[in-house]
Amino acid sequence: MVFQSDVMDLARTPTKLAHQLTHVELERLSHIGPEEFVLAFMKERGLGSSGSGGTGEDAITSATGGAGFRKTRSKEAYEEWFSRLSYLVATEICKHPKKKQRLRVLDFWVQTARECYNIGNFNSLMAINAGLSLAPVARLKKTWSKVHCVKCFTVLQNLMSMSDNYKSYRSTLAAAIKRSKQQNVAAQVPGAQQQPEASNDYIVVPFFYLLVKDLHFLNVGCADRLPNGHINFEKFWQLAKQVTEFIAWKQAVCPFPKNSDVIMYLQTSPLLSDDALALASFECEAPDNAPEKEHFKSLKK
């Protein structure tokens, strides 16, 4: 596979790349309607199957006058985008056999992750973190030892850690939501002076996988009715609250200039497969233990 360019050649700076990633995130989020979550809830409860007497998809269509249910794959496509971005990060790094260029690209992506954090684009941040943590990239010890922003990456990893059910990320997200709400309130005050950079605070792009996971466990793990037979209003209020917040987030307008070339590259540039990534990684830095040597040998066959 021949690579003609790098994303850093097009974006020029980590800040500008983070801006374009935010454009992609918000554009893809905008296509996900609340009905996709509602339909998922119904299917999880066995209400959307063909044997349910039409009480799933038909119920949505009936309740919305025939216009509410749309058979889309927007939610799945957005989840696939996360995977694509992770593999793009790994591909951009491992495709460079020369350490100097590889180091520049690795450092560039760490700085981009930091800028995504500053913006409030947590989905891109987590995808970049996942790409940097893939085995073909993580094993490049000689390259990592020379990265200028390695401490920054460690901090970001801790912030997005899975420990304690993503406790650090949840705290960070809550702070971003509070800041966003405060900015929205300030914007509605007559005569209030808003700085251009304050528009960053309107953006909250959540880690989508965790949002879906939370909704799933809330829907399946909590009973619809309390032991006394009453409707569990707390459950449905929490579901409605989270979906409503999501709708508000996805309606945000990206305030940054749009670069179509960068966006096109992010979404269409070729990616290395798992085996190709592993082989490229071994060609960047030779295997240094028995399992790696065995793996490299199997890839060369």
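**Close-up views of a predicted model**

Lysine 235 is buried, its relative accessible area being 2%. The model shown in these views is predicted.

**View 1. A salt bridge joins lysine 235 and aspartate 224.** The two side chains meet at 2.6 Å, N to O. Lysine 235 belongs to helix H13 (residues 233-250), whereas aspartate 224 sits in the loop between H12 and H13, so the pair ties together parts that are eleven residues apart in sequence. While lysine 235 is buried, aspartate 224 counts as partly exposed, with a relative accessibility of 29%.

**View 2. Ile231, Phe233 and Phe236 make a nonpolar surface patch.** The area of this patch is about 310 Å². Phenylalanine 236 is part of helix H13. The relative accessibility of phenylalanine 236 is 37%, and the residue therefore counts as partly exposed.

**View 3. Aspartate 214 and arginine 170 form a salt bridge.** The N to O distance between their side chains is 2.8 Å. Distant parts of the chain are linked by this pair: aspartate 214 lies in helix H12 (residues 208-221) and arginine 170 in helix H11 (residues 163-187), 44 residues apart. Aspartate 214 is partly exposed, at a relative accessible area of 22%. Arginine 170 is also partly exposed, with a value of 27%.

**View 4. Glutamate 285 pairs with arginine 102 in a salt bridge.** The closest N and O atoms of the pair are 4.0 Å apart. Glutamate 285 is in the loop between helix H15 (274-284) and helix H16 (290-300), and arginine 102 is in helix H6; the pair thus links distant parts of the chain, 183 residues apart. Both glutamate 285 and arginine 102 are buried. The structure as a whole holds eight salt bridges. Side chains of opposite charge can pair when their charged atoms come close.

**View 5. Lysine 95 occupies the loop between helix H5 (74-94) and helix H6 (99-119).** With a relative accessible area of 14%, lysine 95 is buried. The side chain of lysine 95 makes a polar contact of 3.4 Å with the side chain of tyrosine 265. A network of salt bridges links Lys95 with Asp6 and Glu92. Serine 281 is 186 residues away from lysine 95 in sequence, yet their C-alpha atoms are 8.0 Å apart in space.

**View 6. Histidine 96 meets aspartate 6 in a polar contact.** The contact joins the two side chains at 2.9 Å. Histidine 96 is found in the loop between H5 and H6, the loop that also holds lysine 95. Histidine 96 is buried, its relative accessible area being 12%. Aspartate 6 also takes part in the network of salt bridges with Glu92 and Lys95.

**View 7. Helix H2 (residues 14-29) has 16 residues.** From its first C-alpha to its last, helix H2 reaches 22 Å, close to the 22 Å expected at 1.5 Å a residue. Twelve of the 16 residues of H2 are buried, so the helix is largely enclosed by the rest of the structure. Among these buried residues are Pro14, Leu17, Leu21, Val24, Leu26 and Leu29. His19, Thr22, His23 and Glu25 are also included in the buried set of H2.

**View 8. Glutamine 20 of helix H2 reaches the backbone oxygen of proline 257.** The side chain of glutamine 20 comes to 2.9 Å from that oxygen. Glutamine 20 is buried, with a relative accessible area of 4%.

**View 9. Cysteine 149 and cysteine 152 are shown without a disulfide.** A search of the whole structure finds zero disulfides. For cysteine 149, the nearest cysteine sulfur is that of cysteine 152, 5.6 Å away. For cysteine 152, in turn, the nearest is the sulfur of cysteine 149, and cysteine 152 is in no disulfide. A disulfide requires the two sulfur atoms to lie within 2.5 Å. Cysteine 149 is buried, at 12% relative accessible area. Cysteine 152 is buried as well, at 16%.

Methods:
Residues are numbered from 1 along each chain as its sequence is written. This is a predicted model: local features need pLDDT of at least 70, side-chain atom pairs count only at pLDDT 80 or more; totals for chains, interfaces and linings use all residues. Side-chain values use heavy atoms; hydrogens and water are left out. Helices (H or I, at least four residues) and strands (E, at least two) are DSSP runs, numbered from the N terminus. Buried means under 20% relative accessible area, exposed over 50%, partly exposed in between (1.4 Å probe, protein chains only). A polar contact is a pair of N or O atoms within 3.5 Å; within protein, one must be able to donate a hydrogen and the other to accept it, and residues adjacent in sequence count only if both atoms are side-chain atoms. The expected span of a helix is 1.5 Å times one less than its number of residues. Patches are made of residues with over 30% relative accessible area and no salt bridge: like charges are joined within 9 Å, nonpolar side chains (Val, Leu, Ile, Met, Phe, Trp, Tyr) within 5 Å. Accessible areas come from the Shrake-Rupley method with a 1.4 Å probe; for residues, only the protein chains shown count as cover.
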